[in-house]
Amino acid sequence: MSTRFVILGGGPAGNVAATTAARLGADVTMIERDVVGGAAHLWDCIPSKSMIATGRAISRTRAIGGMGLANVDTAVDVDTLTRRIAAIEDTMSGNTTGLLRSQGVRMIRGTGRFTSPNTVAVDTVDGTETIEFDAALVSTGSRPRIPDWCEPDGDRILTTRDCYPPKIFPESVTVVGSGVTGVEFVHMFSSFGAKVTLVVSRQQVLPGKDPEVAAVLEEEFMRRGVKLLMGARAESMERTDDGVVVHCDDGRSVRSTHAVLAIGSIPNTEEVGLDAAGVEVDQWGYVGINNHCVTNVSHIYAAGDISGKLPLSSVASMQGRKVAEHVMGGHTRSHRHLDYDKAASAIFTEPEIADVGLAEAEAFSSGRKIRVTKVPFSSTAKAMINNDTTGFVKIISDPATGEVLGGSIVGRQAAELISVIAVAVTAGLTVTDLAESILVHPALSEALSEAAE
Ligand SMILES: Cc1cc2nc3c(=O)[nH]c(=O)nc-3n(C[C@H](O)[C@H](O)[C@H](O)COP(=O)(O)OP(=O)(O)OC[C@H]3O[C@@H](n4cnc5c(N)ncnc54)[C@H](O)[C@@H]3O)c2cc1C
């Protein structure tokens, strides 16, 4: 009899685990209460990046004079934008469902919870079904964190999930939280012409990122007229007749028509019956896992945001793949551990920001010797052709061996270009490997080859 594998949650972690395990011969059941594709499709990656892409089209259109064209209208049609986002989400979810179906995965629309270490109960519109399993994956994702000092109302005080579809474009917005999600929302709203204030609890946006990279973004925000409240912690929000006032702990307050909370997320682990299965969670509700994503119960796995690792769709998918391989015994062959330190990530602002592997500050604080080479895009023909010379490529390598250890890219298409450095970091390639690869001319990737020299 083939391995009975049950998955709770059909986001990137769950659906990749399902298709991979089914391909390897498991008898897979995936339970999803909402939309196949998960929050990633419905609330997070797809709608935010679709709105940002429209914002980017606006800013490029505004700069069109420099390309030798006459200016064109950049007014936004909210209905068309809303339909566009819905169409992308539908297509993505349809593609994922089609793939799962083609691999013979049984999909159940309902809410699942463990009732013992080997059974899951699923509540569906037709009643409750009990399913027995040999191995299970919990990949129920996360939701926006809401602090106790404010109550989102979906009207003026918004979580990131209240921003789509865009019913209206706010006249002015205060964004609380200057991590990746916060800066992407600042960028998005300012692209659509809103007056934006960002409440930054530290002295730098994107805490933890390379200060040089954060500085480029701060400069761009200031150029766009975004007000940065540095070193301020929001501590309460007050609704007024026509907006919101955000009060900070240093006595400053900001008035705007809307406020958006972007202060992280919390795992969906409370209502999944983890106790009944004997699966332990930490003080924040995350499920602890080992290198193979195995929980403290040896046949139950956890992946995606609930595992408390990097909260990225790309990481969740890779964890799902590794879980499936482990469940099906693939770890005895060429199965490699997932190395979270080698995950590439990007911030979809203008300029785009992307990085992977070892950061300069990290190397300095650990006393590791590194070689840093930096090349500005202004030195490449393609950046001039694009009429956008902002940004740079930075490669960090081992001075003794030349091994590529990491890198950051700021500028147009940084999220695409970082893939080259990510492959080098994962495969242990050297700067010579990069420098001697014959790349396209004219292309932004020429800055990569130069930085590898
Ligand atoms: C605004 C925003 C933008 C983002 N943009 C990006 C990006 O550009 N790139 C990127 O890599 N990451 C991005 N992320 C992060 C990314 O969305 C998450 O890391 C990713 O969705 C995590 O995948 P997951 O499989 O853990 O969970 P999810 O995608 O959250 O899926 C979990 C699924 O489980 C279901 N579920 C929950 N409980 C149950 C239950 N009891 N029974 C059945 N089903 C259940 C839910 O309905 C959901 O569909 C973004 C996050 C935010 C907030």
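Select helix α8 to begin: 14 of its 15 residues are buried, so this helix is largely enclosed by the rest of the structure. A residue is termed buried if 20 or more other C-beta atoms lie within 10 Å of its own, exposed if 12 or fewer, and partly exposed in between, with C-beta atoms placed from the backbone. Helices (H or I, at least four residues) and strands (E, at least two) are DSSP runs, numbered from the N terminus. The structure on display is a predicted model, in which local features need pLDDT of at least 70 and side-chain atom pairs count only at pLDDT 80 or more, while totals for chains, interfaces and linings use all residues. Residues are numbered from 1 along each chain as its sequence is written.

**Along helix α8**

From its first C-alpha to its last, α8 reaches 21 Å, close to the 21 Å expected at 1.5 Å a residue; the expected span is 1.5 Å times one less than the number of residues. Select next H326, which is found in α8 (residues 313-327). H326 is buried, because 20 other C-beta atoms lie within 10 Å. A distance drawn from the C-alpha atom of H326 to that of I438, 112 residues apart along the chain, spans 38 Å. Just after α8, G329 takes a positive phi of about 85°.

**The ligand**

Display the ligand with its shell of 36 residues, of which the closest are G9, G11, G38, G141 and G304. A residue belongs here if its C-beta atom, placed from the backbone, lies within 6 Å of the molecule. Elements that each supply at least two residues of this shell include α1 (12-23), β2 (27-32), α3 (45-62) and α8. The shell divides into 11 nonpolar, 18 polar and seven charged residues. In this count Ala, Val, Leu, Ile, Met, Phe, Trp, Tyr, Cys and Pro are nonpolar, Asp, Glu, Lys and Arg are charged, and the others, Gly among them, are polar.

**Domains**

Colour the chain by domain: domain 1 (4-144 + 266-332), domain 2 (157-263) and domain 3 (351-452). These bounds come from an automatic or database domain assignment. The C-alpha centres of domain 2 and domain 3 lie 30 Å apart. Their contact takes five residues from domain 2 and eight residues from domain 3; two residues are in contact if their C-beta atoms, placed from the backbone, lie within 7 Å. On the domain 2 side, the residues that touch domain 3 are three nonpolar, no polar and two charged.

**Nonpolar cores**

Select L198 and I418, which touch the most other members of the largest nonpolar core, a set of 77 residues. Helix α11 (residues 414-427) gives the most to this core, with eight residues. Another core lies apart from it and has 47 residues, among them V138, A277, Y301 and V315. A nonpolar core is a set of buried Ala, Val, Leu, Ile, Met, Phe, Trp, Tyr and Cys residues joined through C-beta atoms within 7 Å.

**Backbone stops in the loops**

- C293, in the loop between α7 (274-277) and β18 (300-302), has a positive phi near 65°. C293 counts as buried, with 28 C-beta neighbours inside 10 Å.
- P351, in the loop between β19 (345-347) and β20 (353-357), is joined to E350 by a cis peptide bond with omega about 0°.
- Q413, in the loop between β23 (404-410) and α11, has a positive phi near 60°. Q413 counts as partly exposed, with 19 C-beta neighbours inside 10 Å.
- P442, in the loop between α12 (431-435) and α13 (446-451), is joined to H441 by a cis peptide bond with omega about -5°.
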